Amino acid sequence: MPMTRTLSARHHAKRPLHLVGIDPGDVTGLAVYELRSKQLVTCESGHFFDVQDRLADYAITPQHLDRMLSSGLANLAEDWWHVAAVVIEDSRGLPVYARHDRQRGRKRDAIVRNVGRVDRDVTLWAEWLRRRGFLVALREPVRGAKWKADTLQQLTGWTTPTNEHARDAARLVWGWTEPELRAWLGQLCGSTPHPTEVVT
């Protein structure tokens with residue numbers, strides 16, 4: 001597939017290759033995973049706009065990387081996250097009341113409003129990233145018990161304090177391999193009408 005070949009050309013084996021995970025919400029989780037070293041680069045959280053600023057400051061698309069390299073800015077490019085794709089947690093397809101069947105009245109209304117805000121954030125994140133040229137995957141929450149700090153440290157070696165939102169973002173991207181990414185990009189190119197967004 002053309003995009004798969006382009007990825008190979010743009011991301012030389014010696015250069016890093018990053019996946020970004022985003023857990024939308026009032027507190028937004030952000031994780032960046034480098035596939036070739038199999039290391040977390042960051043696992044953090046912040047306000048919607050603070051996380052946007054982090055990505056605007058550090059994340060570059062393959063197209064942007066190409067322009068930097070062709071302009072002789074290879075050393076500067078090393079300081080950026082070379083983002084192959086962004087994975088966003090998307091629970092919009094799940095039942096709203098699956099875990100809240102007993103809630104009524106104001107509590108139920110608050111749940112609906114909160115879910116609506118998160119759903120809107122998913123849409124805004126996908127659109128903002130797509131407009132900046134990033135490949136976007138919308139992914140349902142990872143099944144199983146949430147990671148606690150000690151689980152994150154045991155699996156990834158990450159020791160900096162985190163909250164559940166940062167750890168949820170890490171779960172979206174941790175453990176991907178380069179062949180899996182290439183297979184996903186190949187499927188994306190061959191079957192998705194909008195090549196910057198896919199639901200997995």
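These are my notebook entries on a predicted model of a single chain.

**Entry 1: the whole chain**

I started with an overview. The chain has eight helices and seven strands. Of its 200 residues, 40% are buried. I then looked up how far along the sequence the contacts reach. Taking contacts with a separation of 6 or more, I found that 66% join residues 24 or more positions apart. The exposed surface comes to about 11000 Å², and carbon and sulfur atoms supply 51% of that area.

**Entry 2: the nonpolar cores**

Next I asked myself which residues have the most contacts inside the largest nonpolar core. They are Trp176, Leu181 and Trp184, in a core of 24 residues. I noted the elements that each supply at least two residues to this core: strands E2 (28-34), E3 (39-46) and E5 (81-89), together with helices H7 (164-173) and H8 (178-191). H7 gives the most, with five residues.

I looked up Trp176 by itself. Setting aside neighbours within four places in sequence, I find tryptophan 176 in contact with Leu19, Tyr33, Leu35, Val87, Arg139, Leu181 and Trp184. There is also a second, separate core of 20 residues, and Val20, Ile22, Val83 and Leu129 are among its members.

**Entry 3: helix H7**

I wrote down the buried ones: Ala166, Arg167, Asp168, Ala169, Ala170, Arg171, Leu172 and Val173.

At the start of H7, a side-chain oxygen of asparagine 163 comes to within 3.1 Å of the backbone nitrogen of histidine 165. Just after H7, glycine 175 has a positive phi of about 90 degrees.

**Entry 4: helix H2**

Which residues of H2 (residues 48-58) are buried? I found Phe48, Val51, Gln52 and Leu55. They lie on the same side of H2, because they cover an arc of only 105 degrees around the axis.

**Entry 5: aromatic pairs**

I searched the whole structure for aromatic pairs and found five. One of them joins tyrosine 33 and tryptophan 174 edge-to-face, at 5.1 Å centre to centre with 65 degrees between the planes. Tyrosine 33 sits in strand E2 and tryptophan 174 in the loop between H7 and H8, so the pair ties together parts 141 residues apart in sequence. I compared how well covered the two partners are. Tyrosine 33 is buried at a relative accessible area of 2%, whereas tryptophan 174, at 24%, counts as partly exposed.

Phenylalanine 48 and tryptophan 125 make another pair, a tilted one, with 4.9 Å centre to centre and 45 degrees between the planes. This pair links helix H2, which holds phenylalanine 48, to helix H5 (residues 105-131), which holds tryptophan 125, across 77 residues. Both phenylalanine 48 and tryptophan 125 are buried. I also see that Phe48, Phe49, Trp125 and Trp128 form one aromatic cluster.

Threonine 156 is in helix H6 (residues 149-156), and its relative accessible area of 9% makes it buried. What does threonine 156 touch, not counting residues up to four places away in sequence? The list is Gln39, Leu40, Trp147 and Trp174. For leucine 40, I noted a C-alpha separation from threonine 156 of 7.0 Å, although the two are 116 residues apart along the chain.

Threonine 61 is in the loop between strand E4 (59-60) and helix H3 (62-70). Is threonine 61 buried or exposed? Its 7% relative accessibility counts as buried. Leaving out neighbours within four places in sequence, I find threonine 61 in contact with Val83, Arg132, Gly133 and Phe134.

Conventions:
Residues numbered from 1 in each chain as written. Predicted model: local features only at pLDDT ≥ 70, side-chain atom pairs only at ≥ 80, totals over all residues. Heavy atoms only, no water. Buried < 20%, exposed > 50% of the residue type's maximum accessible area, 1.4 Å probe, protein only. Helix = DSSP H or I, 4+ residues; strand = E, 2+ residues; numbered from the N terminus. Arc of directions from axis to C-beta. Contact = heavy atoms within 4.5 Å. Areas by Shrake-Rupley, 256 points an atom, 1.4 Å probe, with all protein chains shown as cover. Core = buried A, V, L, I, M, F, W, Y, C linked by side-chain atoms within 4.5 Å. Phe/Tyr/Trp six-rings, centres within 6.5 Å; stacked < 30°, edge-to-face > 60°. Polar contact = N/O pair within 3.5 Å; in protein donor to acceptor, adjacent residues only side chain to side chain.
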